[in-house]
Amino acid sequence: MIPIIDEYMCIGCGKCIEVCPPQALILTNERAHLREEFCEECGFCAPECPVNAIIIPFPLSTD
Ligand code: SF4
Ligand code: SF4
């Protein structure tokens with residue numbers, strides 16, 4: 001799943017940007033911004049965030 005960045009919680013530390021293999025994350029106005037078209041959905045970014053501003057949504061069951 002493509003992560004959701006809570007830009008209000010983000011403190012602009014840049015840790016998620018360092019671990020993102022395709023460099024889909026960039027800092028804009030000292031907040032992380034995800035360029036979704038580059039995201040490979042690896043999930044590496046979320047556990048790096050010290051303020052839990054990155055959420056990987058669970059897929060909704062369609063059963
Ligand atoms: S899920 Fe992976 S590719 Fe997508 S923004 Fe996070 S680290 Fe980058
Ligand atoms: S790791 Fe979290 S706080 Fe740091 S830049 Fe990324 S989203 Fe913002």
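## A tour that starts at the hairpin

Select strand 2 and strand 3 to begin: they form a hairpin with two residues between them, and N29 in the turn has a positive phi of about 55°. Strands here are DSSP runs (E, at least two residues) and helices likewise (H or I, at least four), numbered from the N terminus. What you have open is a predicted model, where local features need pLDDT of at least 70, side-chain atom pairs count only at pLDDT 80 or more, and totals for chains, interfaces and linings use all residues. Residues are numbered from 1 along each chain as its sequence is written, while chains are lettered from A and ligands numbered from 1 in the order in which they are written.

Residues 25-28 (strand 2) and 31-34 (strand 3) pair in the antiparallel sense over four bridges; pairing takes at least two bridges found by DSSP. Click L25 and look across to strand 3, where L34 is its bridge partner.

Next, pick E30, in the loop between strand 2 and strand 3. E30 is not a glycine, yet its phi is positive, about 60°. Most residues other than glycine have a negative phi. Is E30 buried or exposed? E30 is exposed, because 11 other C-beta atoms lie within 10 Å. The scale counts other C-beta atoms, placed from the backbone, within 10 Å of a residue's own: 20 or more is buried, 12 or fewer exposed, and in between partly exposed.

Now jump to N52, in the loop between strand 3 and strand 4 (54-55). N52 also isn't a glycine and has a positive phi of about 55°. With 10 other C-beta atoms within 10 Å, N52 is exposed.

Zoom out for the whole chain. The protein has one helix and four strands, running β-α-β-β-β along the sequence. Its C-alpha trace spans about 40 × 25 × 20 Å along the principal axes. Of its 63 residues, 16% count as buried.

Back inside, select C16, C20, A24, L25, A32, C45, C49, A53 and I54: these nine residues are the largest nonpolar core. Such a core is a set of buried Ala, Val, Leu, Ile, Met, Phe, Trp, Tyr and Cys residues joined through C-beta atoms within 7 Å. Centre on A32, which is in contact with I5, C10, C16, I17, L25 and L27, leaving aside neighbours within four places in sequence. Contact means C-beta atoms, placed from the backbone, within 7 Å.

Time for the ligands. Which residues come nearest to ligand 1? They are C20, C39, C42, F44 and C45, out of 15 residues around it. A residue is near if its C-beta atom, placed from the backbone, lies within 6 Å. That shell has 12 nonpolar, one polar and two charged residues. Nonpolar here covers Ala, Val, Leu, Ile, Met, Phe, Trp, Tyr, Cys and Pro; charged is Asp, Glu, Lys and Arg; the others, Gly among them, are polar.

Move to ligand 2, with 14 residues around it, of which C10, C13, C16, A32 and C49 come nearest. By class, its shell has 10 nonpolar, two polar and two charged residues.

Last stop: M9, in the loop between strand 1 (4-5) and helix 1 (15-19). M9 is partly exposed, since 14 other C-beta atoms lie within 10 Å. Leaving aside neighbours within four places in sequence, M9 is in contact with V51 and A53. Draw a C-alpha to C-alpha distance from M9 to E37 and you get 23 Å, for residues 28 apart in sequence.

Key
Two residues are in contact if their C-beta atoms, placed from the backbone, lie within 7 Å.
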